[in-house]
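Open the model in your viewer and keep the sequence panel beside it. The stops below are meant to be selected one after another.

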Amino acid sequence: MCLGIPMQVVHGDEWSALCLADGSQRRVSMALVGAQDAGTWLLVQQDTAREVLSAAQAREIEQALAGVAAALRGETDLARYFGDLGSAPPRAPGH
Amino acid sequence: MNALPAPPAFLTLRGARGTHLSVGFAAPRGIHSESWLTHIRPAVALQRVGLAFSLCRVAQRTATQLAMHAAAAADAPDQTALAAAVRAEWLREHAVNLLLAWPRMLRQPEEPALVRALIGVAADARAAPRAWTHMLEQDLLGMPPADFVNLDAAGLEAWHRASATPLAARFAAARRATPSLTPQPMLAQLSTWTQADAHALAARMRSDAGFSQRPHWDGVVSESGAGARQFAHPLLAAWRGQSGNDAGMRMLARLLELALAAADELPAVSMRAWKLHAGEAMAAVDTARGPLLHWLRIRAGQVVAYRILAPTEWNFRAGGVLEQALSRCDGPDDAQARAWVLALDPCAECRVERSDA
C-alpha cells in the first residue's frame with residue numbers, strides 16, 4: 001500500500017506531536033523527523049511522521065489520495081486531483 | 001479530541017475474547033486496479049504513482065518505469081541509480097521496524113537518533129558499507145557484521161547471552177515468545193523467476209482482478225519478505241533450532257539483511273521486467289517486504305490497463321502466513337498477535353479489535 005497521509009503539527013516535542021488532518025487530530029511519533037514547529041506538514045504512516053513536507057507537497061499528496069478515492073467512487077475525470085501536468089516531470093516530494 | 005482521521009488503508013484483526021483472531025485487510029481495494037491509472041498517457045501514470053504511493057515511491061515508480069520501458073512506452077531508466085535508491089528505501093524500512101516499531105510495541109525506549117543516522121547512511125551509497133559497518137557493530141550487533149552473519153548455533157546463543165545492545169537484548173527476549181509454525185512455502189527469490197514463472201503471474205494479474213488481493217504461486221499460498229528471502233541462511237536455521245519457525249525468526253531476517261548490507265554481502269536489489277505481448281509488460285522490484293509487481297497494457301499511447309500486486313498481500317491474504325500464525329496464538333492478551341504483525345510488517349495501518357461476545 002505504501003500510503004502516507006499529510007498531517008499538520010498542532011504542537012509537540014521531539015518525541016511526539018499532536019497533528020491535524022481533515023479536521024481530526026491524532027498523536028504522532030516524531031522519532032524520525034525530530035521536533036517541528038506548529039504548522040509544519042508531515043507525511044505520516046502508522047502514527048509515525050516519516051518525513052517533513054512543504055505545504056505544496058502536502059497538498060499534492062492529499063489531492064492524489066482524494067483522486068484515488070474519487071476513482072473508487074466511479075469518477076472518471078481525475079486530472080484535477082492529480083494535477084496532471086502533461087509531459088512535465090512529476091513533482092513528487094523528495095526525501 | 002475529534003475522531004481520528006481514517007488511515008488510507010488498514011488491517012484489522014477481529015475476534016471475540018478467548019477466540020482466535022481473523023484477518024481483515026480493509027485496504028481500498030481499487031487502489032491496486034486500473035481505474036486511476038488508465039486512460040492517461042504513460043508519463044501521467046508515472047506521476048500519479050509517485051504521488052499516491054508517497055512512502056515507497058522509489059520502488060513504485062521504478063516498477064512503473066521498468067514496465068513502461070518493457071512495453072516500449074518509455075525510455076530505459078538508469079537502473080544503477082534506481083537500484084541504489086530502492087536499496088536505501090529497503091534498509092530504511094528494516095531500520096524503522098527494528099528500532100522504532102519494535103521497542104514501541106514493547107513499551108521500551110525507541111532509538112530515533114540511531115534510526116535517523118542509519119537512514120542517512122543508507123541514502124548515501126558512497127558512505128555505505130563502511131559507515132553501516134561501524135554503526136551496526138557499535139549500536140546494533142555488538143560485533144562486526146561480517147562475524148554476525150557467520151554465527152553458528154553456539155555463536156547465536158552466546159550473542160543472546162551477551163545482549164550487548166538493546167536490540168540484541170530484545171532478540172534474546174523474543175525467543176519462544178510466539179508459537180512456531182509448521183513450515184510453509186516461501187516465495188521464490190525474484191532473481192530466480194523464470195520467463196515461464198513471470199508469464200504465469202502476469203496471466204493471473206491480467207485475467208483475475210482479484211489476484212492482487214489473493215496472490216499465490218502456481219496455486220500455492222506463499223510467504224514473502226525478509227524471512228522468505230533469508231529462510232535458508234544458516235543464521236536463521238540456527239534461530240529455528242533454538243526458538244522455532246516463529247515471529248522472532250522474521251525479525252532476525254531483517255537484522256541479517258542489515259548486517260549483510262554492512263558486510264557487503266547483500267546481493268544487488270532484483271529489478272526485472274518482462275515484455276509479454278505488444279504493448280503489455282510486467283515489472284517486479286524486490287522491496288523490504290518482498291516483490292512489488294506492476295502489470296500494464298498500453299494502446300495508442302494510452303495506458304488502458306494497470307494492476308499492482310503489493311508485497312504485503314502475500315502474507316496478509318486469507319489463508320496466508322499471518323492467518324496461520326494467528327490460529328496458533330493463545331492467551332488472553334494480543335501480544336503474540338501484535339508480535340506476528342510486526343514480524344510480517346504490513347505496509348498498512350493495523351488494528352487489533354476484540355469483541356466482548
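The tour begins with chain A and then moves through chain B.

This is a predicted model, in which local features need pLDDT of at least 70, side-chain atom pairs count only at pLDDT 80 or more, and totals for chains, interfaces and linings use all residues. Residues are numbered from 1 along each chain as its sequence is written, chains are lettered from A and ligands numbered from 1 in the order in which they are written, and side-chain values use heavy atoms, with hydrogens and water left out.

**Stop 1: chain A**

Select chain A and colour it by secondary structure. Five strands and two helices make up its secondary structure (DSSP runs numbered from the N terminus: helices are H or I with at least four residues, strands are E with at least two). Starting at the N terminus, the order is β-β-β-β-β-α-α. Chain A has 95 residues, and 49% of them count as buried (buried is under 20% relative accessible area, exposed over 50%, partly exposed in between, with a 1.4 Å probe and protein chains only).

**Stop 2: helix α11 of chain B**

Now select residues 234–243 of chain B, which form helix α11. Its buried residues are Leu235(B), Leu236(B), Ala238(B), Trp239(B), Gln242(B) and Ser243(B). Look down the axis: the buried residues of α11(B) fall within an arc of 155°, so they line one face of the helix (the arc is that of the directions from the helix axis to the C-beta atoms). Turned away from that buried side are the exposed residues Pro234(B) and Gly241(B).

What do the buried residues of α11(B) pack against? Show α6 (145–148), α7 (153–162), α8 (166–174), α10 (226–229) and α12 (247–262) of chain B to see their partners. Just past the end of α11(B), Gly244(B) has a positive phi of about 100°.

**Stop 3: aromatic rings**

Over all chains, the structure holds eight aromatic pairs (rings of Phe, Tyr and Trp, its six-membered ring, with centres within 6.5 Å; planes under 30 degrees apart are stacked, over 60 edge-to-face, the rest tilted). Select Trp36(B) and Phe53(B): their ring centres are 5.8 Å apart and their planes at 55°, so the pair is tilted. Trp36(B) sits in the loop between β2 (22–25) and α1 (42–52) of chain B, and Phe53(B) in the loop between α1 and α2 (57–70), so the pair ties together parts 17 residues apart in sequence. Trp36(B) is buried at a relative accessible area of 0%, and Phe53(B) is buried at 1%.

Next take Trp102(B) and Phe171(B), with ring centres 4.9 Å apart and planes at 80°, so this pair is edge-to-face. Trp102(B) is in helix α3 (residues 79–106) and Phe171(B) in helix α8 of chain B, so the pair ties together parts 69 residues apart in sequence. Both Trp102(B) and Phe171(B) are buried.

**Stop 4: His94(B)**

Finish on His94(B), in helix α3 of chain B. His94(B) is buried, at 0% relative accessibility. Beyond its neighbours within four places in sequence, His94(B) is in contact with residues including Ala226(B), Arg229(B) and Glu257(B) (contact means heavy atoms within 4.5 Å). The side chains of His94(B) and Glu257(B) are joined by a polar contact of 2.8 Å (a pair of N or O atoms within 3.5 Å; within protein, one must be able to donate a hydrogen and the other to accept it, and residues adjacent in sequence count only if both atoms are side-chain atoms).
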